[in-house]
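Here is a short briefing to read alongside the model. It starts with the terms, then moves from the overall fold to two individual residues.

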Amino acid sequence: MIRLLGGGLISPPAVRLDGPICYIRPPLPRDWREWADLRADSRAFLTPWEPTWPADALTRAAFGRRLRRQAQEWRDDQGYSFLVYDRATDRLVGGLGLTNLRRGVAQMATLGYWVGQPYARNGYMSGATRLVLDFAFGQLGLHRVEAACLPTNAPSRGLLEKVGFTHEGYARGYLRIDGVWRDHVLYAILREEWQG
């Protein structure tokens, strides 16, 4: 279910998508401290799976730049970023987004996600992924959503398979993760395969 929360000139549309254990919404300037604290507390857990963090990654200024870029991506129909919250406590647990959105004959996007260490393996990310897939195939009218993860990231592979993605291949030197070009396994789900 999508709920509109009100608007803002420099923010993405105020959309909230609710699921059984979590909800997702675009990030807002007021989210900086909670976001920075969760990322900082989970740094050792996250960095093996992510691009190298810049020196100022968790600063308010960097968060502001991130929000401006994400708002522009929403306006230009190029990407859709969300934060993930526990529905019972309103506590931030992670984030996910659709990036590299391609229209025309492709009608596809790439899914990326992260979860704070205290909340990993508790169903938040599978719930959030289901919400964003509903959004992708419903609201955005996409035909395909792709995702990639390191071959050694068993929890990420399990998540993708649990929500219905199909393993499609292996890409050598696909993304620069933690400072090194790393191979990835490739997954995708099509609109007609989505069970919502």
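A residue is called buried under 20% relative accessible area, exposed over 50% and partly exposed in between, using a 1.4 Å probe and protein chains only. By that rule Ser42 counts as buried, because its relative accessibility is 0%. Please keep in mind that this is a predicted model, where local features need pLDDT of at least 70, side-chain atom pairs count only at pLDDT 80 or more, and totals for chains, interfaces and linings use all residues. Residues are numbered from 1 along each chain as its sequence is written, and side-chain values use heavy atoms, with hydrogens and water left out.

**Fold and annotation**

- The protein has five helices and nine strands; these are DSSP runs numbered from the N terminus, with helices (H or I) of at least four residues and strands (E) of at least two.
- Read from the N terminus, the order of elements is β-β-β-α-α-α-β-β-β-α-β-α-β-β.
- An unreviewed UniProt entry lists residues 22-192 as "domain: N-acetyltransferase"; UniProt positions follow the numbering used here, feature names are shortened, and annotations may be inferred rather than shown by experiment.
- Over residues 22-192 the chain is 32% helix and 35% strand, with the end C-alpha atoms 25 Å apart.

**Overall shape and packing**

- The radius of gyration is 16 Å, which agrees with the value near 16 Å for a compact globule of 196 residues; it is taken over C-alpha atoms, and the globule rule is 2.2 Å times the number of residues to the power 0.38.
- The C-alpha trace spans about 40 × 35 × 30 Å along its principal axes.
- Of the 196 residues, 49% are buried.
- Among contacts (heavy atoms within 4.5 Å) between residues at least 6 apart in sequence, 60% join residues at least 24 apart.

**Surface**

**Two residues to look at**

- Ser42 sits in the loop between helix H1 (32-41) and helix H2 (43-46).
- Leaving aside neighbours within four places in sequence, Ser42 is in contact with Gly116, Gln117 and Pro118.
- Thr110 belongs to strand E6 (residues 108-115) and is buried, with a relative accessible area of 16%.
- Not counting residues up to four places away in sequence, Thr110 touches Gly97, Leu98, Thr99, Asn100, Arg102 and Glu146.
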